[in-house]
Each structure stands twice: as C-alpha cells, then as structure tokens.
Amino acid sequence: MDSRIRNRELQKKVVSSEEAAELIKNGMIVATSGFTPAGYPKAVPLALAKRVKKSKEKLQINLLTGASVGEELDGTLTEAGIIARRYPYQTNKLLRNNINSGEIAYADIHLSHFAQQVRYGFFGEIDLAIIEAIAIDEEGNIIPSTSVGVSPTFIDRAKSIIVEINKSQPLELEGIHDIYQPQDPPNRYPIPLIKPGDRIGTTYIPTDPSKIKAIVITDSKDQASPLAPIDKNSERIASHIVDFLKTEVKYNRLPQNLLPLQSGVGSVANAVLAGLLDSPFESLDFYSEVIQDSVLDLIDSGKIRIASGTSLTLSEEGQQRFINNLEEYKRKIILRPQEISNNPEIIRRLGSIAMNTAIELDIYGNVNSTNIMGSRMMNGIGGSGDFTRNAYLSIFVTPSTAKNGDISCVVPMVSHVDHTEHDVHVIVTEQGIADLRGLSPRERAKTIINNCAHPEYKPKLRDYYQKALKKSGHTPHLIGEALSWHKRFLETGSMK
C-alpha cells in the first residue's frame, strides 16, 4: 500500500470496515464525499447498516454529502433506519419515499451555498467525515477519487475522519483535481478563475493527518448511472437548441464557439449535449457540475477543448471508456469543489449557457424542477438555481407531456416554483422553442402555448388564458382555476 498510503504513520491506521464503523455513534452529524453518485464511501456505510441490523441498537445520524450518492450509502442506511436528517440533494427511491412520508427530515439547498453554510455552522458541528480517496500523500493530504463535492470543507471542519482508499479507482486519477477553497465573508478576495481551464489550487485536499482515525481499503466501483437511449423527443429538443444557438451566433449574440456550456443531470440533459456532436460548433468549453457520457463523446470528437466539473457521473460503459483513455481525458477534464464548479461569481464572469431540466413550467415561464404535484420531492434543486440565476443564457428543457400524455408539462400555474420567470430566458420542448427574453407576461404566455405545449393541451391552455385576460392584470390568472389541472390529475389520474 506504499503507493496508496504514502505517510508511514497513517499506514498504522488501516482497519476493517467493521472496526471503522464502530466510530459512528447515535446522534452524530456525519458528512461524506460523493456527488451524483460518484466518489462516495461504500464499505463503512454497509458495515454500519449490518451492525445496526444485527444489534438492533438505536442509531440515527444526520447525513451530509455533496449531492446524491449510491445505494451503498443512501439506500442501505435508509433501509436500516439510520438516517434522521439528510442534506442537500438525493436520488434514492427509498430515501425519497421516506422524505415524502416525513420519516426523514430533508432540506433542499442550492449546491453552491452548501459548503459555506457548513463552515458557518448552519447544520451543527461535523462529528465525522467519511471520504473516498485514491491515495493519501506523504504529508497526510487526501487525494479524492471521482468527485470532489464538499469534501474539502468536510475534511477541514470534521472532528474526525475515516478514509476509504478505493483500489478500483486508478492512481492515475491523481492530478485531475483542482482544490481551491474560497475565503468566507467579509472582505474576501475574488476567486482567481478567469477561464474554464484555469487551475487555481492543489491536486489534493489539505488535511490535518491527526484527524484521520481509520483507513479502510476497498475495491468497489461507483454505482453506474444508466442513461436511457436517446428518444425522438430528446432529439427534437436538442435540434431546437442547436438551431437557436446558430441564430444567436448569426446575430452576434454569441461567439462562433459559443460560451461555456452547463448541463444538468440525467438522460434528457445527456441527450441535449449529445446533439452538439452534429452541430457546427467547435472548440467548446464546458463549465458545469457533472461530467456525463456525452461530454466524453464531445471530447472524443474534438468538439470540447476543456471540461470542468465536480464529478464524473458515467454509465458503466462510460466508466470503462474513461479508464481506458484516462491520460487523454486528464488533459481535458478538471474536477473542482462544488462551491467553485457552481459558484455564481464565476458563472456570471464566464457568461455560461445553462441548460437544465424542468418537471413542469407554466405559461408565464416559471419553472418547477423539484416537487411532483407541488408536494412530493423528487431529487432537489441541485445546481440548477446556481446556474439559472447567473447565466448569460438560461435554457430549460422538458418533454411537453408525461405519463403517456396524462400530464401536460406546460400548465397554467406551476404547483411549486424553483426558478421564477425573471431567471428563465428560453424554454424548449419537442414541440418547439420559446425565446422569452424581453417579453411581457402576456407575450410570454402566447409564445409558450403556441411553441411549446402539446397539441392536445393547447386549446385548454388558450381557453384558460383567454378567460384570465377578462380579469385583466399584468400577469392574468384565475386563482380558483390556476391549479385545477393538478387537482384533476390527483382525482382522476389525468389532466385531460
């Protein structure tokens, strides 16, 4: 293990996952590495769940991560009844169900805000950090694996640290990271990042080695992120976006190689980026939070010159492709802490083009990206708010319908607002594109209905809007009917 644990004293801290799990006590605030779901600890959470199930002891923790993590952490601990409170983003089905039933307390938080809030003690003092790493250097500093997330802050603030050295992650990952922690207010200096490819920090996370209480050797890969095949709707959405970007270049509102791109997480977002493969755009910069398979495709095609994020969120095929060509990808990819990858100051400085996914949107351009039917948490706001509010161009994409047409994703009024009309520039469905820049609410309503709504729902939306117009007002609404579509779905199973 000399290449993995280069500090001789720390080699004495190697223990089994079961021994390390004994450090976790009831009532602790535990923070872990991991981001959508990459670079998260696996062995210690599994050992903890096994221990609790066997002993039947009462043990609950508050769990903080960078964003979503894999089944070995969120799923296993939820099943064992160990999670009392969870921050700031998740995607696990069982965890989500327990959040929606009220069994687990959950607060949805902008990902760029989270690290600073942890440092200021918003969530209490961190008792223990569990961090996945590829290695520990001679001075005891931690070299992370496939994500950075909030790990630098967790390591800095935790009273004690457990490190999982994951041998399945190649040592050649060293050097891909750029660890920079901004100062806290007041009077802090600007973050010295001007271009997406700038390196401003270290390749390791500065660590006080005296806080490392246990090191566990593991050999478990990240949970792969399966991506749905690119369907016709996604292809049409991508085509609309490419055409829109071509027009922006034509009218000199964008340079030939665009501006740094950001894309959300998931199959639709991945498909939208994949649409750029057949576009005329070259020498693209990507400054986002998550690097998915389509980013590797764009790098392989020579389209992307630099890709900056905080995690490698790849399918099983993407993971293998990355490892097989790691040295080449290392020249193009940088992994940073999420308060840098999602930092509003940098997003605005770079002039990002933000492309994120909506659950639903309304005729005035407000977007719901978190709560189904206004009440049931899906995953969380993630980084979409960080980018949407501060981007040069903010684009939201969604299919026009869901549930085999029983739900219109364009509604009179969203059942929950994450992104207001003030922050949403462009809306795209497979039906078309609505450029909302400079439009009044009434103009936005007509544009969204005409261009983005499904033909089956257009007449109903027009009828609602015409009736609302009779009531007048800057943003015409019928308060008694605005959420009637959601009510109808909950009662009948369809908005039709």
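Predicted model: local features only at pLDDT ≥ 70, side-chain atom pairs only at ≥ 80, totals over all residues.
The overall form of the chain may be considered next. The chain contains 17 helices and 25 strands. Its radius of gyration is 23 Å, close to the 23 Å that the globule rule gives for 496 residues, so the chain is as compact as a globular protein of that length. Taken along the principal axes, the C-alpha atoms fill a box of roughly 75 × 50 × 45 Å. Of the contacts in the chain with a separation of 6 or more, 74% are between residues 24 or more positions apart. Buried residues make up 58% of the 496 residues. The chain exposes about 19300 Å², and carbon and sulfur atoms supply 49% of that area.

The buried residues are Asp-293, Ser-294, Val-295, Leu-296, Leu-298 and Ile-299. After H9 comes Gly-302, which has a positive phi, near 85°.

Ile-334 belongs to strand S14, which covers residues 333-335. Its relative accessible area is 3%, and buried means under 20%, so Ile-334 is classed as buried. Which residues is Ile-334 in contact with, leaving aside its neighbours within four places in sequence? They are Ile-176, Asp-178, Pro-196, Gly-197, Asp-198, Arg-199, Ile-306, Ala-307, Ser-308 and Gly-309. The C-alpha atoms of Ile-334 and His-177 are separated by 5.7 Å, although these two residues are 157 residues apart along the chain.

Attention now turns to the charged side chains. A search of the whole structure finds 32 salt bridges. One of them joins Asp-74 and Arg-86, whose closest N and O atoms are 2.9 Å apart. Asp-74 lies in helix H3 (residues 71-79) and Arg-86 in strand S3 (residues 83-87), so this pair ties together parts that are twelve residues apart in sequence. Are these two partners buried or exposed? Asp-74 is buried, with a relative accessible area of 0%, and Arg-86 likewise counts as buried at 0%.

Another salt bridge brings together the side chains of Glu-174 and Arg-6, at 2.8 Å from N to O. This pair links distant parts of the chain, 168 residues apart: Glu-174 is in the loop between strand S7 (160-166) and strand S8 (212-218), whereas Arg-6 is in the segment before helix H1 (17-21). Glu-174 is partly exposed, with a relative accessible area of 28%, and Arg-6 also counts as partly exposed, at 22%.

The side chains of Arg-8 and Asp-2 form a further salt bridge, at 3.6 Å from N to O. Here Arg-8 has a relative accessibility of 55%, and exposed means over 50%, so Arg-8 counts as exposed. Asp-2, at 44% relative accessibility, counts as partly exposed. Finally, salt bridges can also be joined into a network, as they are among Glu-248, Arg-253, Asp-435 and Arg-437.

Methods. Residues numbered from 1 in each chain as written. Heavy atoms only, no water. Helix = DSSP H or I, 4+ residues; strand = E, 2+ residues; numbered from the N terminus. Rg over C-alpha atoms; globule rule 2.2 N^0.38 Å. Buried < 20%, exposed > 50% of the residue type's maximum accessible area, 1.4 Å probe, protein only. Contact = heavy atoms within 4.5 Å. Areas by Shrake-Rupley, 256 points an atom, 1.4 Å probe, with all protein chains shown as cover. Salt bridge = Lys/Arg side-chain N within 4 Å of Asp/Glu carboxyl O.
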